[in-house]
Amino acid sequence: MDHENKYTLMQKNHYHGGTSNHEEHNWNLDYWEILLKEAIEHFDSKDIKVLDFGCGVGRNVENIINEFKISNVDGVDISETNIQNCKKNFPERRFFQNNGIDLREPLIETNYYDLVTSTIVFQHIPVWDIRMSLMSDIFRVLKKGGLFSLQMGYDSTAADSQDNYKENHYEASSTNGDFDVFMTSSDPLIKDLKNIGFNPVTSKIRPSFSDGQHSEWIYVKAYK
């Protein structure tokens with residue numbers, strides 16, 4: 001896949017100036033309990049290596065370090081500005097600006113991380129090809145026995161015609177809302193993760209938080 005595709009070029013331009021830290025999402029109890037705590041408690045030790053995918057300016061990195069006492073937390077983001085800010089705020093950790101389609105430029109090590117987290121990221125990528133490429137590379141960087149804990153937008157009340165999970169909307173003119181991914185069933189996502197090689201894959205449907213596009217969110221645990 002060419003990282004100079006139309007969608008990725010638009011996305012890079014959109015995030016060129018960086019993002020906010022979205023600290024309002026720290027009030028979401030499901031974020032703490034399901035996305036983070038359940039995933040971290042899967043491991044017997046806190047001496048684990050964690051990668052936050054779509055790290056922004058470091059909210060999740062900071063929370064995992066401070067609240068869960070895990071020191072080995074790195075981040076990856078498409079925005080150069082976000083990565084520069086993360087490097088200033090967390091000089092002892094590693095941060096990567098990825099190319100928007102995988103984790104190979106720069107190359108993130110294979111079989112390196114115990115846990116990869118991602119929140120409020122994949123729902124903003126309305127291109128199925130790109131999501132599959134990114135999730136496949138997340139599988140690559142995880143150790144055997146590792147865990148991918150992610151969140152996406154969901155809406156069980158939406159009409160089936162609104163479900164655009166499998167679409168490749170390379171022509172999307174913006175991100176973060178107008179062209180979000182809509183899922184009315186968890187089955188396609190779980191099937192995709194299993195086809196990549198994750199097994200088992202579990203999910204929970206919960207009310208969304210500070211999200212005007214989706215009535216619900218899906219939290220997924222995918223094990224390598």
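## Ground rules

The model is predicted, so local features need pLDDT of at least 70 and side-chain atom pairs count only at pLDDT 80 or more, while totals for chains, interfaces and linings use all residues. Numbering starts from 1 along each chain as its sequence is written, and side-chain values use heavy atoms, with hydrogens and water left out.

## The largest pocket

Let's start with the open space. The largest pocket has a volume of about 620 Å³. (A pocket is an open set of points on a 1 Å grid over the protein atoms alone, with protein on both sides within 12 Å along at least five of seven lines; lining residues have an atom within 4 Å of a point. Points are joined across faces, edges and corners, and the volume is the space filled by probe spheres set on them.) It is lined by 37 residues, and Tyr 15, Ile 120, Val 121, His 124 and Asn 176 sit closest to its centre.

Helix 3 (59-68), strand 2 (73-77) and helix 5 (128-141) each put at least two residues into this lining. (Helices are DSSP runs of H or I with at least four residues, strands are runs of E with at least two, and both are numbered from the N terminus.) The lining of the largest pocket splits into 13 nonpolar, 20 polar and four charged residues. (Ala, Val, Leu, Ile, Met, Phe, Trp, Tyr, Cys and Pro count as nonpolar, Asp, Glu, Lys and Arg as charged, and the others, Gly among them, as polar.)

The largest cavity holds about 50 Å³ of space. Its lining is made of His 25, Asn 28, Tyr 31, Leu 35, Arg 59, Thr 119, Ile 120, Trp 217 and Tyr 219. Helix 2 and strand 7 (216-223) are the elements that give two or more residues to it. By type, that lining has five nonpolar, three polar and one charged residue.

## Helix 2 against helix 3

Helix 2 (residues 29-40) packs on helix 3 at an angle of about 65 degrees, and the axes are 12 Å apart. (Axes are lines fitted to C-alpha atoms over the stretch in contact, and angles run from 0 to 180 degrees between N-to-C directions.) On the helix 2 side the contact uses Tyr 31, Trp 32, Leu 36, Lys 37 and Ile 40; helix 3 brings Arg 59, Asn 60, Asn 63, Ile 64, Glu 67 and Phe 68. Contact here means heavy atoms within 4.5 Å. Six of these residues are nonpolar, two polar and three charged.

## Tyr 7

Tyr 7 lies in helix 1 (residues 6-14) and is buried, at a relative accessible area of 0%. (Buried means under 20%, exposed over 50%, partly exposed in between, using a 1.4 Å probe and protein chains only.) Leaving out residues up to four places away in sequence, its contacts include His 124, Pro 126, Ile 130, His 169 and Tyr 170. The C-alpha atoms of Tyr 7 and Pro 126 are separated by 9.1 Å, though the two are 119 residues apart along the chain.

Most residues other than glycine have a negative phi, and most peptide bonds are trans. Glu 105 to Pro 106 is a cis peptide bond, with omega near 0 degrees, and Pro 106 lies in the loop between strand 3 (95-97) and strand 4 (113-118). Asn 199 and Pro 200 are also joined by a cis peptide bond, with omega about 5 degrees.

Asn 111, not a glycine, has a positive phi of about 55 degrees and is partly exposed at 46% relative accessible area. Ile 120 has a positive phi too, near 55 degrees, and sits in the loop between strand 4 and helix 5.

Key
On a 1 Å grid over the protein atoms alone, a cavity is a set of points where a 1.4 Å probe fits but cannot get out, and a pocket is an open set with protein on both sides within 12 Å along at least five of seven lines; lining residues have an atom within 4 Å of a point.
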